[in-house]
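Below are some notes on the model you sent, as numbered points. They start with the overall layout and then turn to individual residues.

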Amino acid sequence: MVKDCTCCFFFSNLISIVFIGLTIKYSVIYDDSKDYNSNDCIITRVEYPTKLLTSLDNDPNKYNFARCSCGKRCLSDMGICNKIYIKNKNDNEILLKNKYLSLDGNCTFREKYCPDGEKIENRLYKIEENKLEMNMYINKTSIKCYNYKDEYFINNYNYLKETLICVFGLSLCVITTCIICCCFRRQTECIS
């Protein structure tokens, strides 16, 4: 029984260490989000897919597609990749990101999940649907955006939810560790 407590104590501490790291990470990101500056960004160009690719060699439309997950063990190279370009404070044209820490460096909006994306009918439908959605940006000259450390983005997501979940998880692990320690002490006292 003592080995069970030791094993639970070890794993509880290990999980606590992971939650400490995540809590620190998301707390720093949340703190940074308070410094996001709101701007009116001037839209210079909007790119999005208008048709299916005919060939990868000479089709300029190929850069408006990205890899997406179309199901279990399925990837498609025909995911929608929308790009909105703006002028930054130095009047240079840059790609507007979706979020500050976005890993989608080539797209403002990227289709990550495309169920049935391997089917041509599905891709044709998504392209037409996307054209309607992108009309909102084509007809605008400016858009509300945010900047922080020379990064420009649309979504000012602040990661508060993730921070609170990590704090809750960390608290739960600490409480679990305390309960395990109490049980361990009681078992040791009973044996003695």
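1. From the N terminus on, the elements of the protein chain follow the order α-β-β-β-β-β-α-β-β-α. That amounts to three helices and seven strands. The model is predicted, and the points below should be read with that in mind.

2. The protein chain has 192 residues, of which 35% are buried. Its accessible surface is about 12700 Å², and carbon and sulfur atoms hold 58% of that area. Among contacts with a separation of 6 or more, 72% join residues 24 or more positions apart.

3. Helix H3 covers residues 160-191 and includes Leu 170. Leu 170 and Val 18 are separated by 152 residues in sequence, yet their C-alpha atoms are 8.5 Å apart in space. Leaving aside residues up to four places away in sequence, Leu 170 touches Ser 16, Phe 19, Ile 20 and Thr 23.

4. Together with Phe 11 and Leu 14, Phe 10 forms a nonpolar patch on the surface. The accessible area of these three residues together is about 310 Å².

5. The model has four aromatic pairs. One of them is Tyr 36 with Phe 153, an edge-to-face pair with 4.8 Å from centre to centre and 70° between the planes. Tyr 36 counts as buried because its relative accessible area is 12%, under the 20% limit. Phe 153 has a relative accessibility of 0% and is therefore buried as well.

6. How are the rings of Tyr 146 and Phe 153 arranged? Their centres are 6.3 Å apart and their planes meet at 25°, so the pair is stacked. The cut-off for that label is under 30 degrees. Both Tyr 146 and Phe 153 are buried. With Tyr 36 and Tyr 148, these two residues make up one aromatic cluster.

7. Two residues that are not glycine deserve a check of their backbone angles: Asp 116 has a positive phi of about 65°, and Lys 149 has a positive phi of about 50°. Asp 116 is in the loop between strand E5 (109-110) and helix H2 (120-138). Lys 149 is in the loop between strand E6 (142-148) and strand E7 (151-153).

8. Are these two residues buried or exposed? Asp 116 is partly exposed because its relative accessibility is 39%, which falls between the limits of 20% and 50%. Lys 149 has a relative accessible area of 58% and so counts as exposed, the limit being over 50%.

Definitions and conventions:
Residues are numbered from 1 along each chain as its sequence is written. This is a predicted model: local features need pLDDT of at least 70, side-chain atom pairs count only at pLDDT 80 or more; totals for chains, interfaces and linings use all residues. Side-chain values use heavy atoms; hydrogens and water are left out. Helices (H or I, at least four residues) and strands (E, at least two) are DSSP runs, numbered from the N terminus. Buried means under 20% relative accessible area, exposed over 50%, partly exposed in between (1.4 Å probe, protein chains only). Rings of Phe, Tyr and Trp (its six-membered ring) pair if their centres lie within 6.5 Å; planes under 30 degrees apart count as stacked, over 60 as edge-to-face and the rest as tilted. Patches are made of residues with over 30% relative accessible area and no salt bridge: like charges are joined within 9 Å, nonpolar side chains (Val, Leu, Ile, Met, Phe, Trp, Tyr) within 5 Å. Accessible areas come from the Shrake-Rupley method with a 1.4 Å probe; for residues, only the protein chains shown count as cover. A salt bridge is a side-chain nitrogen of Lys or Arg within 4 Å of a carboxyl oxygen of Asp or Glu. Contact means heavy atoms within 4.5 Å.
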